[in-house]
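Let's take a walk through this protein model. Have the structure open beside you as you read.

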Amino acid sequence: MNGKPVVVITHRVHPEVIELLTPRATLVANETADSWPRETVRAHCRNADAMIAFMPDHVGDAFLAACPRLRIVACALKGFDNFDVAACTRRGVWITAVPDLLTAPTAELAVGLTIGLARHIAAGDRWVRSGGFRGWRPVLYGMGLTGATVGIVGFGAVGRAIARRLSGFDARLLFFDPAPAPSVDAQKTCLEELLVTADIVILATPLTPDSRELIDEQVLAKMKSGVLLVNVGRGSVVDEEAVARALAAGRLGGYAADVFAFEDWRLSSRPDKPPPALLQQTERTLFTGHMGSAVAGVRRDIETAAARSVLQVLRGERPDGALNEVVPPLVV
């Protein structure tokens, strides 16, 4: 276009990110709050040297075949299950992620969802706004964290950060993770014991073949009656239809989620929206729209980290946050 490498930015970013990249690249940037259709992303990337990608994007072998000039897919995210790392490696394309910056804000939101669900905060807000509140009434009794047993499924960085934040609530903390975990103020247990013991279960596990629909009809039936379930991992870690049925039957006390199965682009059988039966359970649910990292300063830092990875590859360097190895480094 003007001799500079072309960088596609698929979603709106902070101005500082544009300023960082402009001297070295020609930018094709989405300046709207909406996602580009996948066909639009592919068309823009067909002659691009680099791509800064976000959660709604999906990069697989077919996409890479249509975009032969790509040298790096820099993901402004932590969970990269929508991106085929092996395909990138085969085609000599670097792929990077930003593993650390999302941990604290995601853990904070998990605690917020837990308290919001346990104490009926959304229902209380609706009650006041409706005009029905006339002063104190013996209604909307919820569950306190003090003395409760909280089980965390997935004890990577996010799971451990959730445990640290919950440690001051005088709750009993259990966790399950197949990998060894650093010592924290929580007790490791098997998944079965956690699920039948906990009053609150928080899902912080990535989406893998083993974790897909980990919480299904059979598991929900075994869990303690009235248990609260909070999901900040991936939507497809639960069977959302089964959760809706458990809520309707009163077996599940509540479900809070920041993630939904329709977002899991890599799954060919994913739904196209959250189940209506789940959304109808307004009194027993609390939902946020994938806001785990939606802290202005954090998002800016995540985008900047992805942009710096792009610049490193354009200079012929190994990028920070690399998920694969491309040897020798490819210079644009």
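## Salt bridges

Start with Arg318, which is partly exposed with a relative accessible area of 44%. Its side chain meets that of Glu325 in a salt bridge, at 2.4 Å from N to O. Glu325 is partly exposed too, at 43%. Elsewhere, salt bridges with shared partners tie Asp61, Arg90 and Arg91 into one network. Keep in mind that this is a predicted model.

In total, the structure holds 12 salt bridges. One of them pairs Glu217 with Arg245, with the closest N and O atoms 2.5 Å apart. This pair links distant parts of the chain: Glu217 belongs to helix H9 and Arg245 to helix H10, 28 residues apart. Another joins the side chains of Arg300 and Asp301, at 3.9 Å from N to O.

## The open sheet

Now find the five strands that make an open sheet, in the order E2-E1-E3-E4-E5, with parallel pairing. Strands E2 and E5 stand at the edges with a single partner strand each, so one side of each has no neighbour in the sheet. On average, neighbouring strands here are turned by 15° against each other, direction ignored.

Zoom in on E4 and E5: three bridges join them, and Ala74 stands opposite Thr96 in E5. Helix H12 packs on this sheet, touching E1, E3, E4 and E5, and its direction makes about 160° with that of E4.

## A helix with buried residues

Which residues of helix H7 are buried? They are Val158, Gly159, Ala161, Ile162, Ala163 and Leu166. The buried residues of H7 pack against helix H5 and strands E6, E7 and E9.

Definitions and conventions
Residues are numbered from 1 along each chain as its sequence is written. This is a predicted model: local features need pLDDT of at least 70, side-chain atom pairs count only at pLDDT 80 or more; totals for chains, interfaces and linings use all residues. Side-chain values use heavy atoms; hydrogens and water are left out. Two strands pair if DSSP finds at least two bridges between them. Helices (H or I, at least four residues) and strands (E, at least two) are DSSP runs, numbered from the N terminus. Axes are lines fitted to C-alpha atoms, for helices over the stretch in contact, and angles run from 0 to 180 degrees between N-to-C directions. Contact means heavy atoms within 4.5 Å. Buried means under 20% relative accessible area, exposed over 50%, partly exposed in between (1.4 Å probe, protein chains only). A salt bridge is a side-chain nitrogen of Lys or Arg within 4 Å of a carboxyl oxygen of Asp or Glu.
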